[in-house]
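Please look over the sequence and the model shown here before reading the report. The text is meant to be read beside them.

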Amino acid sequence: MAAPSAPRPPRPRKEPQPLVIPRNAAEEQRLRLERLMRNPEKTVPIPEKLNEWAPRPPPEFVRDVMGSSAGAGSGEFHVYRHLRRREYQRQDFMDAMAEKQRLDEEFQKKLERNKMIAEEQTAKRRRKRDCLVVKLITRRTWDMLPIHTWFLFLESDQSQERVSSEDDEEDGKEEEEKEDDAEEPSFVMGRG
């Protein structure tokens, strides 16, 4: 018989928590969050994304080839049955993957089509708004224009004034050149 060891100190008792049975998914989620927030320093286990099931690839080399001779043993049928089941699973998996790929392609095409339609509608509405702004600006109905279009109009007026002043300067230069043209003789020597 072994010698008795020193008595252990008593463990601190945790308060018993009431048993709460969640009635719905939201309550269950709330209980989980409360349990996680009791000890915020503790790391939270985040499950990794499960890989999709894929059938085992067919063997590269088949060692136990079944013969076509009569009188096969009673265990051969079970081997054949498992091979057949595995092959059917593989074919079903390939069909499902092809269907999924087809649906993904259709979805991408539909997204592109919807995006093009939305862009066309946006462009049409933008043209309509621009036409309305131009009409309101030409009528000078400032009370109907939003404030940000006032600044656009003022900027466009200033830029038009700059363009018109540049045009006036160019016209002035052309007039000076025309005056210089008057000094040239009106006939050409040597022709006759």
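## Basis of the model

This is a predicted model, in which local features need pLDDT of at least 70 and side-chain atom pairs count only at pLDDT 80 or more, while totals for chains, interfaces and linings use all residues. Residues are numbered from 1 along each chain as its sequence is written, and side-chain values use heavy atoms, with hydrogens and water left out.

## Overall fold and surface

The protein has 3 helices and 0 strands, where helices (H or I, at least four residues) and strands (E, at least two) are DSSP runs numbered from the N terminus. Along the sequence the pattern reads α-α-α.

Of the 192 residues of the protein, 4% count as buried; buried means under 20% relative accessible area, exposed means over 50%, and partly exposed lies in between, with a 1.4 Å probe and protein chains only. The protein exposes about 19,500 Å², of which carbon and sulfur atoms supply 55%. Accessible areas come from the Shrake-Rupley method with a 1.4 Å probe, and for residues only the protein chains shown count as cover.

## Salt bridges

A salt bridge is taken as a side-chain nitrogen of Lys or Arg within 4 Å of a carboxyl oxygen of Asp or Glu, and by this rule the count comes to 6 salt bridges. One of them joins the side chains of Glu52 and Lys100, at 2.8 Å from N to O. This pair links distant parts of the chain, since Glu52 is in the loop between α1 (25-38) and α2 whereas Lys100 is in helix α2, 48 residues apart. Glu52 is exposed, with a relative accessible area of 54%, while Lys100 is partly exposed at 37%.

Another salt bridge is formed by Glu87 and Arg90, whose closest N and O atoms are 2.7 Å apart; the two residues are 3 residues apart in helix α2 and so are separated by about one helical turn. Both partners are partly exposed, Glu87 with a relative accessible area of 31% and Arg90 with 22%. The side chains of Glu99 and Arg102 also meet in a salt bridge, at 2.4 Å from N to O, and because they are 3 residues apart in helix α2, about one helical turn separates them. Glu99 counts as partly exposed at 35% relative accessibility, and Arg102 counts as partly exposed at 37%. Salt bridges that share partners join Glu99, Arg102 and Glu106 into one network.

Which side chain of opposite charge is nearest to Glu27? Glu27, found in helix α1, is buried yet has no salt bridge, and the nearest side chain of opposite charge is Arg30, 4.0 Å away. For such labels Lys and Arg count as positive and Asp and Glu as negative, while His and the chain ends are not counted. Not counting residues up to four places away in sequence, Glu27 touches Val20, Ile21 and Pro22, where contact means heavy atoms within 4.5 Å.

## Surface patches

Patches are made of residues with over 30% relative accessible area and no salt bridge, with like charges joined within 9 Å and nonpolar side chains (Val, Leu, Ile, Met, Phe, Trp, Tyr) within 5 Å. Lys124, Arg125, Arg126, Arg127, Lys128 and Arg129 gather in a surface patch of positive charge, the place of a charge being taken as NZ of Lys, CZ of Arg, CG of Asp or CD of Glu. Arg125 is found in helix α2 (residues 76-139) and is exposed, with a relative accessible area of 53%.

Leu33, Leu36, Met37, Val44 and Ile46 make a nonpolar surface patch of about 520 Å². Leu36 has its place in helix α1 and counts as partly exposed at 37% relative accessibility.

## A pair apart in sequence

Gln91 lies in helix α2 and is partly exposed, with a relative accessible area of 36%. Gln91 and Pro55 are 36 residues apart in sequence and 9.3 Å apart in space, C-alpha to C-alpha.
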